[in-house]
Amino acid sequence: MIAQVIINGMLAGALIGLLALGFTLVVRTARIIHIAHAATFTTGGYVGLWLLRTWDVSLITAACGAMGAGAAVGFLIECCVYRSLRKQRASSVSVFLASLAVVVIIQNTIGLVFGNEIQIAPSRFGQEVLSICGARITTWQGLSILVSVSAFILTTIIMQFTKTGRLARAIGSDADLAQIAGVKLENVLMKVALFSALLGGLAGYMIAYDRSITPSNGLNLILLAITAAIVGGVGSVPGALIGGIIVGLTRQFAGWQLPSQWQDAIVFMLLLVILVIRPQGLFGKPIRRSTA
Amino acid sequence: MDYFLHILILIAIYQTLALSLDLLVGHTGLLSVAHAAFFGIGAYSSAILTTNLHAPAVLGLFVGTSFAALLSAAIALPTLRLHEDYFVIGSFSFQVIVTSLFNNWTSLTNGPLGISAIPHPQIVGYNLNTKVSYLIASVILLALSQRISKRVTWSPFGRILHAIREDSVLPATQGKNLLGIRMRIFALSAALAAAAGSIFAHYITYIDPTSFTVMDSILIVTMIVFGGAGTTLGPLIGAAILILVPEVLRFVGIPTELAGNAKQLMYGLVLLSCILYRPKGLLGRYIFQKWSARP
């Protein structure tokens, strides 16, 4: 039983981490509470399932479609909302509100197009059960752990060793200084937004295929991702994965030991505890405190 | 006529909500997206106490408001010591979790089915059971909130709130207890929302979690931003317009299964275009954008 709980927690955690990764990248570079990441997630999930159902395409094609749809939404958000707010030097709180409004708009557009009912994947590939140390997982779940971990490795390589990654980190540590040094801020931020949206679409597709998706569960999942990002340290790439796994394990253990209504509330407790004892998270740099 | 009264009561309740949230958003410069959660806590406290325990309605109102004020500290204490962004995140997660508890704690809240047959209360011998009497009750609450809000924001305490909104460093250097002040105004705002929730529950007589979701919190914030944050009339006008317009659209003949989505889509578009093109809202005085210089 305990092995099953741990495996399920890691599985959920890897997917939450994948969602947290896209979120944390934008937070780190653009300094935005990028809650609109939920919109790329929902779009990716819906487009992926729609391709599978209506066009009967292969799983890989559907994944590409989901990532493309996520990236398109990410492009629109960056282009029409964030860029214009940056030009007005809007405060982070009004950027958050705009981001939330984007989620409301996209989620309801999807509701109008696809309906508000729960959606599940049509052909259930990957339901063969594997047994690992007495715990049972499906091949799809095993595959999703692999995908998630490789996304993390890829992101780490991009952020550490490519030119764009270095520029993104420079903007993250001091945007004004980076601009003085000749970094084209908007170009780099657009690349980061697109990459993050690709990851968001992929995460949406993986989660929607494994379980189900509704237009409104993006906001619940983004809360798990935000908690994961804060637990791991906002802006830290490995922190997102570790934080995701911690959140996943906490939820599974809560679901196992406590009455089911506390499964989500425990995430809030986790968030509060980490904000009190270590607000910078496990891998984060110390953060600027408010004057209070 | 009944329908018309119903709309008026809803407007008065939402005006109370917008007014109380504006104490926080417009006057103190803190954004909370948990207002519907406090509204729901008030409604559920009243509903549970009066149906399961047959307590008098006044006790339900009292317990709801004090409970909401206490719970506001659960968000405020850990997050207000940090940057303002963490307060937003804290309030957002509080809202999501409270909705999830309303939905899943079936032994207490009856889950998605909601609580029905909430009794009409008797207040000083007068039975509150007609639409007109509820309109009077909700307008009394609105007037009371308006008085409280005026008294608070025009007092020396209100001056400090405005100072915190413009620049939180200056009042801190003058020895003002920023954490305490922000916590007090947040508790007041939460308590007023819970009072509105209590009246709402008795009026509607049936409540379920769908009235208290994050969407409703966003709606209340939209009312403020649209009307003009930090003004006397802004939140009232914002609430009235945003409640009335979907009701008018209902007569245009949008199919009912699309109406909910269309309504929320409209709210989202209103909020986004306000922030992009007119951040101070209709009657704006205080520019939502300017208050904090980016770090």
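**Figure 1. Surroundings of A:Arg89 in the predicted model.** A:Arg89 counts as exposed, with 10 C-beta neighbours inside 10 Å (buried means 20 or more other C-beta atoms within 10 Å of a residue's own, exposed 12 or fewer, and partly exposed in between, with C-beta atoms placed from the backbone). The residue lies in the loop between helix H3 (59-87) and helix H4 (92-114) of chain A; helices (H or I, at least four residues) and strands (E, at least two) are DSSP runs, numbered from the N terminus. Although A:Arg89 is not a glycine, its phi is positive, at about 50°. Most residues other than glycine have a negative phi. This is a predicted model, in which local features need pLDDT of at least 70 and side-chain atom pairs count only at pLDDT 80 or more, while totals for chains, interfaces and linings use all residues. Residues are numbered from 1 along each chain as its sequence is written, and chains are lettered from A and ligands numbered from 1 in the order in which they are written.

**Figure 2. The loop that holds B:Ala117.** B:Ala117 is placed between helix H5 (106-109) and strand S1 (122-123) of chain B. B:Ala117 is not a glycine, yet has a positive phi of about 55°. With 9 other C-beta atoms within 10 Å, B:Ala117 is exposed.

**Figure 3. A:Gly17 within helix H1 of chain A.** A:Gly17 belongs to helix H1 (residues 2-30) of chain A and is buried, with 33 other C-beta atoms within 10 Å. Leaving aside residues up to four places away in sequence, A:Gly17 touches A:Ser148, A:Ala228, A:Ala240, A:Leu241, A:Gly243, A:Gly244 and A:Ile245 (contact means C-beta atoms, placed from the backbone, within 7 Å). A:Phe152 is 135 residues from A:Gly17 in sequence, and their C-alpha atoms are 8.9 Å apart.

**Figure 4. Packing of H10(B) and H12(B).** The axes of H10(B) and H12(B) are 10 Å apart, at an angle of about 40° (axes are lines fitted to C-alpha atoms, for helices over the stretch in contact, and angles run from 0 to 180 degrees between N-to-C directions). The two helices H10(B) and H12(B) are therefore oblique to each other; angles under 35 degrees count as roughly parallel, over 145 as roughly antiparallel, 65 to 115 as roughly perpendicular and the rest as oblique. Among the residues that meet are B:Met215 and B:Phe226 in H10(B), and B:Tyr267 and B:Ile275 in H12(B). The contact of H10(B) with H12(B) consists of ten nonpolar, two polar and no charged residues (Ala, Val, Leu, Ile, Met, Phe, Trp, Tyr, Cys and Pro count as nonpolar, Asp, Glu, Lys and Arg as charged, and the others, Gly among them, as polar).

**Figure 5. Packing of H7(B) and H9(B).** Helix H7 (residues 156-166) and helix H9 (residues 178-204) of chain B have axes that come within 11 Å and cross at roughly 110°. H7(B) and H9(B) are therefore roughly perpendicular to each other. B:Ile160, B:Leu161 and B:Ile164 in H7(B) meet B:Leu178, B:Ile181 and B:Ile185 in H9(B). This contact has six nonpolar residues, with no polar and no charged ones.

**Figure 6. Chain B against chain A.** In this interface, 50 residues of chain B are in contact with 41 residues of chain A. H4(B) gives the most to the side of chain B that touches chain A, with 13 residues. That side has 34 nonpolar, eleven polar and five charged residues. Of the 21 residues of H4(B), 19 are buried, so this helix is largely enclosed by the rest of the structure. In chain A, the buried residues of H11(A) pack against H3 and H4 of chain B, together with helix H9 (217-232) and helix H10 (237-257) of chain A.

Notes
Two residues are in contact if their C-beta atoms, placed from the backbone, lie within 7 Å.
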